[in-house]
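Reader: I have a model open and would like to go through the terms used to describe it. Please set each term against its criterion.

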Amino acid sequence: MTFPSNLTTDILESLSEGVFTVDKSFRINFMNRAAERITGFPREEVIGKFCKYVFRAELCSHQCPIAVVLESGRDLRDFEYSIYHRNGNNLHIRINAAVLRNRESEPVGGVISFRNLSEYEAIRKNLEKSAHFHGIIGHGKSMREIFDLIEEIADTDATVLIQGDSGTGKEMIANAIQSLSTRSDKPFIKVNCSVFTPQLLASELFGHVKGAFTGAIKDRLGRFEMAHTGTLFLDEVAETPLEMQIQLLRVLQEGTFERVGESLSRKVDVRVIAATNKNLSRALADSKFREDLYYRLNVIPIHVPSLQEHPEDIPYLVRHFLQKYSLLYQKTIDEIEDGALEILVNQQWRGNVRELENSIEYAFARTKSGSVIQACKLPPTIRHTVRCRDSHKAANFADDEAARIFDLLQKYRWNKSKVAKIMGIGRTTLWRKIRRFDLEIPE
């Protein structure tokens, strides 16, 4: 479904997540208010400029996230990245990147959304107090079994392979394993194996020496060295090229590796947690994943169920996300109407928990503080069975009572005393209903 551009812009401007877009030449052509706040750059200062010259990230020179999605056609999710704040300080963020397409489905640029990880971490720690298990929401049988397994393996250094569909929360499972492990006070380093070319992935994992390849202007530590005595999380491990899988197997078995461009063998002590949303059995059959590496990774297997397999957790997840976005947006919305919740519980959720969270944030951004989230505030792709009435002076209505109130208010020029008398209710009751249905009253 295509939204009017003004509505799309309003929603983007109301998000707490930073968003900017670039054209095919990587010039910034849009930036929302949150992006200004997080980066310190006013939009008028960056519009029309090449993003790499604005944010000056290390990877911009040889592996730009936007270039990755434009070249591969695949979205990039939850990638940790460092950019420069306008004040010159290093800013650690988590980004999502996607291709922007025109109506003919031709790529015309890219969109980046991002959060300041320092802000996000503070909120995460706050929410963990009310979460069921180390930041994870799960009350159903399938999730409780995973929690039990994590506690059972807490005092081991065994390699763990987490499998599950995209958006099920595999990284959160890895976080919980780390927080309970004997290495909890040691480095916990993460790398997404699907982001990099084979050469750059080798550099990311094992480091490189100056001159090893174009762009290698100085020696660089790899993620294995950074994680020494701690834990390394290999996300999307199934995307690792075959030639890299041999090197991975060696470091898992022997704890040794060489930096790119160097013959010196180095030794590390690292526990590995790997994750993938791919069917590794099929990858093994297609000779796209080494069998010996699979068995070395799959010492402790954990399968994270899709959201459809534990719909009983959806109401708890919704409540959790309402708390989260109340903190992020600095506004209070802690209720959702029964009809809207029913829609969420019955949805298929191909994007799993991530898609559910995105839907809650969308509805949250469109709902006023102190109001109740209504079905018509949910994304159209979710509420496609709900008939909503539109007006430039009103929110979408969830029921006939709201529509009747709005019609009477319009007819009697927002004279609330008159409308309350016609409806046979008190003026205070009418005012309460206006707030409940989120009716916009003209100044």
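Predicted model: local features only at pLDDT ≥ 70, side-chain atom pairs only at ≥ 80, totals over all residues.

Reader: What makes strand 3 and strand 4 a pair?
Author: Two strands count as paired if there are at least two bridges between them. Strand 3 and strand 4 have seven bridges, in the antiparallel sense, so they meet the criterion. One of the positions is Y84, whose bridge partner in strand 4 is N90.

Reader: How do you know that strand 4 and strand 5 are paired?
Author: The cut-off is at least two bridges. Nine bridges join strand 4 (residues 90–101) to strand 5 (residues 107–116), and the two run antiparallel. R94 has R115 of strand 5 as its bridge partner.

Reader: What joins strand 1 to strand 2?
Author: Three bridges join strand 1 (residues 18–23) to strand 2 (residues 28–31), again with antiparallel strands. Against the requirement of at least two bridges, they therefore count as a pair. V22 is partnered by I28 in strand 2. Their hairpin has four residues between the strands, and F26 there takes a positive phi near 70 degrees.

Reader: Which sheet do these strands form, and what is its order?
Author: It is an open sheet of five strands in the order 2-1-5-4-3, with antiparallel pairing.

Reader: Why are strand 2 and strand 3 said to stand at the edges?
Author: Strand 2 and strand 3 (76–84) each have a single partner strand, so one side of each has no neighbour in the sheet. On average, neighbouring strands here are turned by 30 degrees against each other, direction ignored.

Reader: What is the order of the sheet with parallel pairing?
Author: That open sheet also has five strands, in the order 7-8-11-6-12.

Reader: How many bridges pair strand 7 with strand 8?
Author: Five bridges, in the parallel sense, pair strand 7 with strand 8 (residues 231–235). N192 stands opposite D235 in strand 8.

Reader: Which helix packs on this sheet, and which strands does that helix touch?
Author: Helix 8 (residues 170–180) does, touching strand 6 (160–163), strand 7, strand 8, strand 11 (271–276) and strand 12. Its direction makes about 150 degrees with that of strand 6. Angles over 145 degrees count as roughly antiparallel, so the term applies to helix 8 and strand 6.

Reader: Why are helix 9 and helix 11 called roughly parallel?
Author: The axes of helix 9 (residues 198–206) and helix 11 (residues 242–254) come within 10 Å and cross at roughly 15 degrees. Angles under 35 degrees count as roughly parallel, and these two helices are therefore described that way. Helix 9 passes helix 11 in a right-handed crossing. P198, L201, A202, L205 and F206 in helix 9 meet E243, M244, Q247, L248 and V251 in helix 11. By class, this contact has eight nonpolar, one polar and one charged residues.

Reader: What makes helix 14 oblique to helix 15?
Author: Helix 14 (residues 314–329) and helix 15 (residues 338–346) have axes that come within 10 Å and cross at roughly 120 degrees. The perpendicular range is 65 to 115 degrees and roughly antiparallel needs over 145, so helix 14 is oblique to helix 15. The crossing is right-handed. I314, P315 and V318 of helix 14 make the contact with L341, L344 and V345 of helix 15. The residues there are six nonpolar, no polar and no charged.

Reader: Which elements have the lowest and the highest mean pLDDT?
Author: Helix 6 (residues 117–128) has the lowest, at 68, and strand 6 the highest, at 98. For the chain, the mean is 85, and 89% of residues reach 70 or more. Over residues 390–398 the pLDDT is below 50, although this stretch has 27 contacts in the model beyond near neighbours in sequence.

Methods:
Residues numbered from 1 in each chain as written. Heavy atoms only, no water. Contact = heavy atoms within 4.5 Å. Axes fitted to C-alpha atoms, helices over the stretch in contact; angles between N-to-C directions. Left-handed = near helix turned anticlockwise from the far one by under 90°. Nonpolar A, V, L, I, M, F, W, Y, C, P; charged D, E, K, R; others polar. pLDDT = per-residue confidence, 0-100.
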